[in-house]
Amino acid sequence: MNKLAVKKKTLSNYIDGQWVKSTTDKYLEVPNPATGEILAEVPISTQEDLEKAVVAAKKAFATWKKVAVPQRSRILFKYQQLLIENREELAKLITIENGKNYNEALGEVQRGIECVEFASGAPTLMMGYQLPDIATNIESGMYRYPLGVVAGITPFNFPMMVPCWMFPLAIASGNTFILKPSERTPLLVNRLAELLEEAELPKGVFNIVHGAHDIVNGILSHPDIPAVSFVGSQPVAEYVYKTGTSNGKRVQALAGAKNHTIVLPDADMDLTVTNIINAAFGSAGERCMACAVVVAVGDIADELVTRLVDESNKMTIGNGLEEDIFLGPVIRDSHKDKTLSYIDSGVKEGATLLRDGRDDNSSSEGGYFVGPTIFDHVTQEMKIWKEEIFAPVLSIVRVETIEDAIEFTNKSDFANGACLFTDSAKAIRQFREEIDAGMLGVNLGVPAPMAFFPFSGYKKSFYGDLHANGRDGIEFYTRKKMVTARHSY
Ligand code: NAD
């Protein structure tokens with residue numbers, strides 16, 4: 001199980017249905033974060049590479065947009081089957097390049113498959129609407145059309161799920177697509193392309209250009225790319241949104257997060273502890289829906305804190321391909337260093353370090369491990385509360401009432417997710433009405449919506465109007481034509 005599935009190789013771009021060597025002379029090594037072993041080198045592609053992809057995607061658009069919508073769906077149905085048949089291999093690749101444990105990786109593959117399932121419903125999703133009689137003998141109807149060549153720029157933390165938020169729906173609705181995956185996790189997407197080819201997707205409909213910020217900038221200024229989907233950190237999301245929209249593009253930019261979980265005194269303690277542990281430390285805290293802050297209300301705090309520390313002490317740390325490992329590495333050495341400096345700053349600013357993950361042992365040598373870390377008595381003046389750490393570091397805050405908890409949570413700059421643990425219907429309603437976040441969870445830890453609902457963060461967690469997935473997704477990837485027609489009878 002823990003043998004490498006990939007030998008070190010030099011990755012190519014995928015353009016017009018071919019594996020094309022980049023014209024660059026710059027390559028970046030891609031280590032397995034659990035071992036430090038170099039898996040591959042990824043090209044930091046050039047504008048020339050991007051241009052080739054745009055030309056191919058533009059050419060493919062001319063025919064793909066005319067392929068009957070049910071036929072586009074059939075290709076996606078076939079693709080969904082192929083993803084199911086290859087789910088174990090895909091999950092293993094995710095663990096190897098990202099570090100999350102194998103079960104979490106399998107969960108991610110499943111979420112990706114669900115996006116393809118949703119997009120396979122294109123004939124229904126693409127429908128417009130009509131009114132036969134807007135005036136005597138005059139009818140009016142809305143028809144939905146694709147935009148053209150659209151681009152997706154993705155982060156390292158969900159190498160499969162996040163690209164699947166984008167390209168299945170984009171191509172199902174008749175667009176062609178250029179993916180710029182994270183240069184830190186570039187392996188899995190190449191396999192996604194191979195499977196699209198097996199599903200008989202025509203050449204040029206889906207393309208991959210590996211690389212870094214230069215390709216992002218090339219996408220943002222390219223006149224033949226009318227729309228860009230981005231997922232990544234807050235400063236880059238803001239930059240992508242502002243630059244893309246000022247160049248006249250449609251942009252959706254999903255950004256960072258700092259999700260709070262409120263625990264009321266009537267919460268089921270076993271359920272609460274299990275879910276918070278999973279949400280705070282699962283995927284090494286590298287989830288935009290991770291629980292970063294627990295807001296303990298009233299006298300539940302002491303017991304909750306003790307139980308969270310006890311559970312963290314039992315946590316297995318190591319290579320996620322090994323059985324029974326819960327906590328894998330963070331993505332890079334540099335991210336580990338950044339996390340350790342956040343922990344140092346929490347100590348300096350006066351938070352109580354209840355569990356210190358800085359020196360935890362792992363079962364794997366050479367990886368970038370940080371053990372579960374818990375701070376108590378965190379305040380809003382502290383850097384560890386204000387900023388997204390994106391690592392297995394949990395802050396605990398103590399307040400007296402649900403009103404205090406909601407007020408505290410709403411002061412965050414971010415508004416991706418928020419959770420509540422309680423047995424009270426009144427509290428659940430109060431939470432739903434008053435909390436300032438886009439994805440709410442009640443008695444569960446990670447309230448990530450399924451593919452047929454929008455991924456609906458706001459404030460500094462999202463830049464744009466139409467979210468990824470759900471109806472918003474189809475709106476984002478299509479434009480409308482209104483036809484008003486007079487008839488002579
Ligand atoms: P990142 O911002 O470093 O990178 C994301 C993408 O942007 C990558 O493809 C990268 O090559 C590119 N990029 C990075 N710096 C750039 C720059 N200066 N100019 C242009 N392009 C640049 O993000 P990451 O570290 O890969 O991913 C983690 C972040 O993504 C976290 O903040 C997390 O919360 C966020 N995220 C958000 C969601 C959501 O739905 N809101 C989902 C997943 C991840």
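Colleague: In which loop is asparagine 469 found?

Modeller: In this predicted model, asparagine 469 is found in the loop between β22 (462–463) and α16 (470–476).

Colleague: What is the phi of asparagine 469?

Modeller: The general idea comes first: most residues other than glycine have a negative phi. In this structure, the phi of asparagine 469 is near 75°, a positive value in a residue other than glycine. Aspartate 16 also has a positive phi, near 55°. Aspartate 16 is placed in the loop between β2 (13–15) and β3 (18–20).

Colleague: Is asparagine 469 buried or exposed, and how many other C-beta atoms lie within 10 Å of aspartate 16?

Modeller: The class follows from a count, with 20 or more other C-beta atoms within 10 Å marking a buried residue. Asparagine 469 is buried, because 25 other C-beta atoms lie within 10 Å. For aspartate 16 the count is 17, so this residue is partly exposed.

Colleague: Which residue does UniProt list for "active site", and where is cysteine 288 found?

Modeller: The UniProt entry, which is unreviewed, lists Cys288 under that heading. Cysteine 288 belongs to the loop between α10 (269–281) and β14 (291–297). With 28 C-beta neighbours inside 10 Å, cysteine 288 counts as buried. If its neighbours within four places in sequence are left aside, cysteine 288 is in contact with Gly256, Ala257 and Asn416.

Colleague: At roughly what angle do the axes of α3 and α4 cross?

Modeller: The axes of helix α3 (residues 87–98) and helix α4 (residues 102–119) cross at roughly 120° and come within 8 Å. That angle makes α3 oblique to α4. The crossing of α3 and α4 is right-handed. On the α3 side, Arg87, Leu90, Ala91, Lys92, Ile94 and Thr95 take part, and they meet Tyr102, Ala105, Leu106, Glu108 and Val109 in α4. The classes in this contact of α3 with α4 are seven nonpolar, one polar and three charged residues. Glu108 of α4 is named here and also in the contact with α6.

Colleague: How far apart are the axes of α2 and α7, and which residues of these helices meet?

Modeller: Helix α2 (residues 69–85) and helix α7 (residues 187–198) have their axes 9 Å apart, at an angle of about 130°. The two helices are therefore oblique to each other, and the crossing of α2 and α7 is right-handed. Tyr79, Leu82 and Leu83 in α2 meet Leu195, Leu196 and Glu198 in α7. By class, the contact of α2 with α7 has five nonpolar, no polar and one charged residues.

Conventions. Residues numbered from 1 in each chain as written. Predicted model: local features only at pLDDT ≥ 70, side-chain atom pairs only at ≥ 80, totals over all residues. UniProt positions renumbered as here; feature names shortened; annotations may be inferred. Helix = DSSP H or I, 4+ residues; strand = E, 2+ residues; numbered from the N terminus. Buried ≥ 20, exposed ≤ 12 C-beta atoms within 10 Å, placed from the backbone. Contact = placed C-beta atoms within 7 Å. Axes fitted to C-alpha atoms, helices over the stretch in contact; angles between N-to-C directions. Parallel < 35°, antiparallel > 145°, perpendicular 65-115°, else oblique. Left-handed = near helix turned anticlockwise from the far one by under 90°. Nonpolar A, V, L, I, M, F, W, Y, C, P; charged D, E, K, R; others polar.
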